[in-house]
Amino acid sequence: MNIPMSDFLLLSPEIFLLSMACIILVVEAFVGERQRHISYTLSQLTLVVAALISWNMLDTERAVVLGGTFVHDPMAALLKASIFLVVMGGFVYARSFHTSKGGLRGEYYVLGLFATLGMMVMISAHSLLTIYLGLELLSLSLYAMVATDRDSARGSEAAMKYFVLGALASGMLLYGMSMLYGATGSLDLAEIAAALTAMDEKSMVLIFGLSFIVVGLAFKFGAVPFHMWVPDVYDGAPTAVTLFIGSAPKIAAFAMTMRLLVESLGSLSVDWQGMLVILSVLSLALGNVIAIAQTSMKRMLAYSTISHVGFLLLGILAGTEAGYSAAMFYAITYAVMAIGGFAMIILLSRAGYEADTLDDFKGLNDRSPWFAFMMLILMFSMAGVPPTVGFYAKLSVLQAVIDINMVWLAIVAVAFSIIGAFYYIRVVKLMYFDKAESDEPLTANPDMQIAISLNGLLVLALGIFPGGLLALCSRVLA
Amino acid sequence: MMDMSILSWLIWLPIGGGVALLVMDTLGNTACRQTALGISIVTFVLSTLLYTHFDAATALMQFQENIPWIGAFSANYHLGVDGISMPLIILTTFTTVLVVLAGWQVIRNKTAQYMAAFLIMEGLMNGVFAALDGVLFYVFWEAMLIPMFLIIGVWGGPNRVYATIKFFLYTFLGSVFMLVALIYMYLKSGSFSILDFHLLPLTMTEQVLIFIAFLMAFAVKVPMWPVHTWLPDAHVEAPTGGSVILAAIMLKIGGYGFLRFSLPITPDASHALDWLIIGMSLIAIVYIGFVALVQQDMKKLIAYSSIAHMGFVTMGIFLVFTLLDNSGSMQGASLGMEGGIIQMISHGFISGALFLCVGVLYDRMHSRQINDYGGVVNTMPVFAAFMVLFAMANSGLPGTSGFVGEFMVILASFKANFWFAFLAATTLILGAAYSLWMVKRVVFGDIANDNVRQLEDVNAREFVILASLAVVVLLFGLWPAPLIDVMHASVDNLLAHVSVSKLPAGETGVALLNAVRP
């Protein structure tokens, strides 16, 4: 096969990321304990450059290359750039986490880069095979990351659960893909779409395949009833890993859903719309209600993720351009909020002690008014209270849902977000109204402090001027 | 018109000042207090420019600012005031000055944050009154909850956490349904402009649903019976300043919402369902009046009295349809609505003043129980004079601003229905009973105990606060014309608007109207 050079240009973020990840892997093997920061610095540089490359490709025309397995479009460029940014933030927080645990862990960054590469592949996949390839690269890296804390029983248990359930879900997805292949005779997303439109009647095997694919997607999102792994994995994994799992992969899962359900199975939208309605209503209900009962911050955020996924799915099921761009906005802004929320846990942690219970947030306003304020912004943003970005995410999703005459669904969604508001403002209550259990001042690296401040201020700034990002999200889909 | 961005200044100056206070936290409490006072006074002076440059002859929005904000929703940063919102903005800026003064000595814990919260609150409330864009309005409306949540929770009384979470969730519950309604109308009209919503034709079913969504938001805020239960808790636990802002301004936002949204956007549904609002208002007036009578806690008593008085506001506003049907004249209908608006403003001053009075006592005795007091007049004669005056105003004594609004609403209800008027007028008796009985037990009589014996009379700061409120209460009581004049054109315009049906041709809404009328 003769592949023109220009095709490789479209792959430049992935190629660059892959080469750098390999280089860092080698460097990591040779540097001593004292030079561990080298791999961290290299990783961050890699991400900066990759983000710039992706950002510059924002206006490049859509093109399908490499024999129909890889697609570049503006949506991919935007999602990739935002994943790079989120991962960068995540690495800053992770470094602080590892420093407080004694010593940097190079493998975290290498695995993180490979996981990021997997997400890139998922975003740009144009064939069932590529999607699966990207998904497995991401998942395998994540399984290993969860297991990095090998002496911790909870960590190993979480990794095991994640792996077993993840493998099951991958199997489901693969099974669904095989049925799809059987029904349409192609792995290429565009050809599948064309075959479906040409079909007069939808065969049974197609609907079966679709169901399995939706199950696989729901698992990756953590939507109810395929959410069982989320709280345990979030809770058991080291916080640095939790914040990685809880943020960027949601953006990738959104992209995968767009490629699979919208681009290739768009003509079956009537069928998957109903499935997504059930998934999203259940996620909203269960996530918001169970989160109230949590005493661990990580578990609370895990259930909160589930409820946010419910909201995100609402945007996708609307099946309109406005809905997709709302869901995209939701995914990106949620990732930004989520890393901020988990970063606060890292910020409060001290050597040998992880501040992952809600009580650890007591009296934060007395200990550090500034970081209490940042957490306040993040919590109100997750609750969807203006003037934070979480409000516009909800607003645009609701707008898309009401636009397709599903007002009842919008009312269900807002009703559950009232319930959800309770556990977010409970965190604010703990920080502002309760007395601190210890008045130790916060000790964190300056770069960690700066990153959290930027993170919180970004959530606020996007809440006051959301227009730019909203416009960008709808532009890349147009 | 002069400086076109005066409304923006009124919003962003206090918010910016509040943020600055948070940053200069370390400078010490005195500096923070002085800065807060300076900013609030400047804001108040700026807001008086609204009054002096206001053109009372037109019902159009004035001091308009309109710049694109969020392209994706075609939402604009659109501000403007008319005769209904302008007085409320001045009420806000005026009250904030008093609130900053009231917290001067009492608040020693996190003073900078306290002052900042009130300044930010002021900016947001001004934003609510000035916003002419649905998204902008909703942003200010919801953002307002955050500082208030903290004010009650951080500086409040012993049961503050329960009270503030109840307050937050109640208000949040009401407003999210309003959001759904706003989005629905945006999708129909293609813009979030409130003025476009006013002109949007809607079928009866749509109107009824939108009306109910708005009702949930505004009824909680007013608060109307039966969703009033958050208010006594919030008032009792809030610090004095928080109670004042709640009673004087936040409750008015509910009434303002009816005038700006419910009536003009859903006139036919408002017409069909006015019995519901009037019924709820009458229950609030009579039943809550009785509840106030038996309260032992002064703040709770004033809180319940606020609910009863706000019942007057909502009744006055929704009497217009009966009046229009009965007489067909705009003149009579405007009486009820203007009475309702005047009652809002006047209640802002009076309830604020009463909460400040309780605050003065509480700062000295650390008790709000009526039983702990008695004979305060012997040790605090100046204070007693003020408290008696405000209690009289609260019960609607002629010559005070409390009389004007109540009188207009009762007069209007007489024209509408004798029984409305009969029930509404009982509030004059009940209001006098609970207000004066409280005064009798707290202020008059022999000195009850040693704590009262050691009380010191108001200091200069407290005197200034109470005296300025007393002046306003008497001024609008004796000469309400300046207030009525500015709102006249806007009220007439609103009435003309609601008297025209918005239903699409062919649908009269009669079937539904008959179905929902009891």
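1. Two residues are in contact when their C-beta atoms, placed from the backbone, lie within 7 Å. The contacts below are read in this sense, from a predicted model.

2. Setting aside neighbours within four places in sequence, Phe137(B) is in contact with Val128(B), Ala131(B) and Ile194(B). The C-alpha atom of Phe137(B) is 10.0 Å from that of Ser193(B), a residue 56 positions away along the chain.

3. Is Phe137(B) buried or exposed? Phe137(B) counts as buried because 23 C-beta neighbours lie inside 10 Å, and the cut-off for burial is 20 or more. Across chain B, 61% of the 518 residues count as buried.

4. The C-alpha trace of chain B spans about 75 × 55 × 40 Å along its principal axes. Among contacts in chain B with a separation of 6 or more, 82% are between residues 24 or more positions apart.

5. On the interface: 29 residues of chain B are in contact with 26 residues of chain A. On the chain B side, β1 (62–70), α5 (134–143), α6 (145–155) and α7 (160–189) each supply at least two residues. The largest share, 14 residues, comes from α7(B). By class, this side of chain B has 24 nonpolar, two polar and three charged residues.

Technical notes
Residues are numbered from 1 along each chain as its sequence is written. Chains are lettered from A and ligands numbered from 1 in the order in which they are written. This is a predicted model: local features need pLDDT of at least 70, side-chain atom pairs count only at pLDDT 80 or more; totals for chains, interfaces and linings use all residues. A residue is buried if 20 or more other C-beta atoms lie within 10 Å of its own, exposed if 12 or fewer, and partly exposed in between; C-beta atoms are placed from the backbone. Helices (H or I, at least four residues) and strands (E, at least two) are DSSP runs, numbered from the N terminus. Ala, Val, Leu, Ile, Met, Phe, Trp, Tyr, Cys and Pro count as nonpolar, Asp, Glu, Lys and Arg as charged, and the others, Gly among them, as polar.
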